[in-house]
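Please have your viewer open as you read.

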Amino acid sequence: MPVLGTLRRLALAPSLREVSFSGRGFTVPDGERTRRLEAVPQAVVTGFEWGIEDRDLATTERRLALIDPEQRGFAYEGATMACAVRDAMGRSGHRTRDLLTGGGRPHIFLNYIGIGFAMAKLPRPLWKKIVPDLSGAEYYPAMSWLCVDGYGFDRAYFDTDTWVTGQRLDDPYDWDGDPSYWHRAFDQGVGRALWFIHGGDVRNVAAAVRAFAGDRQADLWSGVGLAATFAGGGTPAELALLREESGPGHGHLAQGSVFAAKARHHAGFVPGHTEAAVGAFTGLSAEAAARLADDCAPAVVRDAGVPAYEVWRTRVRERLAVIPAVEHV
């Protein structure tokens, strides 16, 4: 085991205990759902430890291939975080690119989130070149805003008092040429974190969203929908209740769910809980939701000053609002 890799891991990686709900001080009951949701940040930490310590990327990818398909994307989040940290702190600067163009390609959406986790550990001057220049359509460059989502998730998960209880607004950063959208993408990550912070308890999650200022709630609901669909944790009755609790934010909840279904479908493995959630929130199968996401993808980088990412999200919401009942499952 390389000494430098070990030192990097000890300096940057939380322990599996530290990312557990009890380790974070989250008030959630012990049980099967808690253990399933806790497995998500633990898979991220595992991927990070491999990515930060392994001498060569091929070893990391062989290890990641051993992870259960349901959790593999989360492990790739951690590995991508490690690669981004190593690139920012080293000289070569191509480890992240190699991962995203190699074994990480099926998990490109989660790779971007992993880059956001790295941003939370690095000073802002090092963010400038943290995303590899991968402009091909297969790398979904519009989705690079998921890096900001990942950054927001990290802030909320590891400093809940500041970012959730205190509802602090982060200082904007000129991401993708648009600092004005920073807060919105950040809040989408905070919304994802709320699903974990409250252990998937629907009423507590909904209350947490409604505790925020009204103009922030739509993006929070989008994050909740993405987390509940991708990570799971809700029974059919609870998913139906979450749809009801979202009220005017239902379109945003459903949009987040569509993106989660697209990410799962793109990775080649759609667990039953994803099918259940996207069905509850949108009335669609995961495959149909993935097709809808593809149909709504913008062909331009920006549209009237709006990031392509937000154009995409808006189109999904608009399509869901008028989709014929015959397309529903």
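What volume does the second largest cavity have? The second largest cavity has a volume of about 40 Å³. The model is a predicted one, in which local features need pLDDT of at least 70 and side-chain atom pairs count only at pLDDT 80 or more, while totals for chains, interfaces and linings use all residues. Residues are numbered from 1 along each chain as its sequence is written, and side-chain values use heavy atoms, with hydrogens and water left out.

**How the spaces are defined**
- On a 1 Å grid over the protein atoms alone, a cavity is a set of points where a 1.4 Å probe fits but cannot get out, and a pocket is an open set with protein on both sides within 12 Å along at least five of seven lines; lining residues have an atom within 4 Å of a point.
- Grid points are joined across faces, edges and corners, and a volume is the space filled by probe spheres set on the points.

**The cavities**
- The count comes to two cavities of 30 Å³ or more.
- The lining of the second largest cavity consists of D149, Q188, S222, G223, L226, Q255, F259, Y309 and R313.
- Helix 13, helix 15 and helix 18 are the elements that give two or more residues to this lining, and helix 13 has the largest share, three residues (helices are DSSP runs of H or I, at least four residues, numbered from the N terminus).
- By class, this lining has three nonpolar, four polar and two charged residues (Ala, Val, Leu, Ile, Met, Phe, Trp, Tyr, Cys and Pro count as nonpolar, Asp, Glu, Lys and Arg as charged, and the others, Gly among them, as polar).
- The largest cavity has a volume of about 380 Å³, and of its 31 lining residues V44, E77, I113, F117 and R192 lie nearest its centre.
- The lining of the largest cavity has 27 nonpolar, no polar and four charged residues.

**The largest pocket**
- About 580 Å³ of space lies in the largest pocket.
- Its lining has 28 residues, with L134, P141, A142, S144 and D176 nearest the centre.
- Helix 18 (residues 308-322) gives the largest share of this lining, three residues.
- The lining of the largest pocket divides into 21 nonpolar, three polar and four charged residues.
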